[in-house]
Amino acid sequence: MHLIEETTSTSNDSIAVAKAAATATAAVAPSVELPRIESEAELTEIGLVRKVAPIVEGFPDRLPRADEIADLNAHFGPVLTAVALEQICRRLNPHAAFREVVEAAGREAVQGRAPQLSPDRRPEVLIVESTDPFWPGRKWGQHVEPWRSWVRKSGCTTDFIRTSATAGVQSNAESIVRELKRQTHAPLILLSQGQGSLEVRWALEHLAATAPEALAGIGAWVSVGGGARGLSMAAWRSRSWWRLTQAEMALSMKGRPPQLMRSLSSAHPRVMRPLAAPFRDSNGRSILCVSVVGLALPSDVPQAMWSEFQAFSRWIGPNDGVASFQDQVLGVGYVLPILGLTAAPESARLGPWLAGICSVLAQKLSAPNA
């Protein structure tokens, strides 16, 4: 499995390869020295994909590391870097192969053709209540019912884990631990987003260390967007006393704990510890992990956030509005980047992907030898 942090550089530096390829392109077309967006016509999907071809060629067999993403962002800007990351994952297995079967399964699900699953091995998808504290207009748990509707198209049953908007990350993680210990249905697929993904991480790490038998029924974890590795937006706002004060006041006015800023920061010492995935149960079986990565473009962000999004993107690189690409990748399993997906994942955009992902996972987990 290719990991962002653990993959070592190849003998030829990949960034240098991308720049060299771009320079070679410039020899044919003197008006272009490095891939850059020069006109609105190039903002089409086809135009952007053509632009990033030299960058993609620099990473034929692995995902870029965090430092390489920063270098790409500095040279090519966040939009081209986001498109390049999406295209790299489209070519790189096992992520490319997973994406292909998910897209096919999503189309089937949208047309009402769910897979035939064994009744006694039909997975249940547990959706964790949460929201993103930095995205305007979001209510706690408002994604749950729309997501349940889409997930049912995969043939899975659904339920949800109730958590609290007024509680802290650790308190909600303890609620998730208690719920998972009570669960008797197997196999289970956990589905989380934003703050909920960090709470699921704490819960799984706690169970793996103290009660691995409680993990036996959990077949997969699908994390949508950032959270499990913290949110770079929390670190970004903490860099400025004024931004931090404003954010903490806004959280207090919503009834959210002000310390949430520090708990969710990608710079928090506990968050920065190596992720303990893949989580193993008492029989040594691993939980399948899927990272659904949002790569927002400027046109996807509300006007109220646009200025901060631009500055944030220059600092951290491609993101979903609050979490960087690196924040959103669990480090194991499949990586599925979606252009245009934000930290407020619209059901119309995300729904078919959720149906496809759960359909593919359901077929894997319901197989007799799973």
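I take a charge to sit over a ring if NZ of Lys or CZ of Arg is within 6 Å of the ring centre and within 35 degrees of the ring normal. With that in hand I looked up arginine 243: its charged end sits over the ring of tryptophan 236, 4.1 Å from the ring centre. I note here that the model is predicted.

**Entry: charges and rings**

I found another such case at arginine 270, whose charged end sits over the ring of tryptophan 202 at 3.8 Å from the centre. Going back to tryptophan 236, I saw that ring pairs link Trp236 with Phe312 and Trp315 in a cluster.

I then asked how many aromatic pairs the structure holds. The count is six. One of them is formed by tryptophan 241 and tryptophan 242, with 6.4 Å from centre to centre and 35° between the planes, a tilted pair. Are tryptophan 241 and tryptophan 242 buried or exposed? The cut-off for exposed is over 50% relative accessible area. Tryptophan 241 has 64% relative accessibility, so I put it down as exposed. Tryptophan 242 has 52% and therefore also counts as exposed.

**Entry: α4 against α5**

I looked up how helix α4 (residues 78-91) packs on helix α5 (residues 95-110). The angle is about 90°, and the axes are 5 Å apart. Angles of 65 to 115 degrees count as roughly perpendicular, so α4 and α5 are roughly perpendicular to each other. On the α4 side I listed Glu86, Cys89, Arg90 and Arg91; on the α5 side they meet His95, Ala96, Arg99 and Glu103. By type, the residues of this contact are five charged, two nonpolar and one polar.

**Entry: cis peptide bonds**

I checked the loop between α4 and α5 and found proline 94 in it. The peptide bond joining asparagine 93 to proline 94 is cis, with omega about 10°.

I recorded a cis bond also between alanine 186 and proline 187, where omega is about 0°. Proline 187 belongs to the loop between α7 (169-182) and β3 (188-193). Glutamine 183 lies in that loop as well, between α7 and β3. What does glutamine 183 touch, leaving aside neighbours within four places in sequence? I noted Glu124, Leu126 and Leu188.

**Entry: valine 335**

Which residue positions does valine 335 bring together? Valine 335 is in strand β6 (residues 334-339). With 4% relative accessibility, valine 335 counts as buried, because the limit for buried is under 20%. Not counting residues up to four places away in sequence, I found valine 335 touching Leu63, Cys89, His95, Ser291, Val293, Phe325 and Val329. Two of these names were already in my list for the helix contact: Cys89 in α4 and His95 in α5. From proline 94, valine 335 is 241 residues away in sequence, yet 8.6 Å away in space, C-alpha to C-alpha.

**Entry: whole protein**

The protein has 15 helices and six strands. Of its 370 residues, 57% count as buried. Among contacts between residues at least 6 apart in sequence, 78% join residues at least 24 apart.

Methods. Residues numbered from 1 in each chain as written. Predicted model: local features only at pLDDT ≥ 70, side-chain atom pairs only at ≥ 80, totals over all residues. Heavy atoms only, no water. Axes fitted to C-alpha atoms, helices over the stretch in contact; angles between N-to-C directions. Helix = DSSP H or I, 4+ residues; strand = E, 2+ residues; numbered from the N terminus. Parallel < 35°, antiparallel > 145°, perpendicular 65-115°, else oblique. Contact = heavy atoms within 4.5 Å. Nonpolar A, V, L, I, M, F, W, Y, C, P; charged D, E, K, R; others polar. Phe/Tyr/Trp six-rings, centres within 6.5 Å; stacked < 30°, edge-to-face > 60°. Buried < 20%, exposed > 50% of the residue type's maximum accessible area, 1.4 Å probe, protein only.
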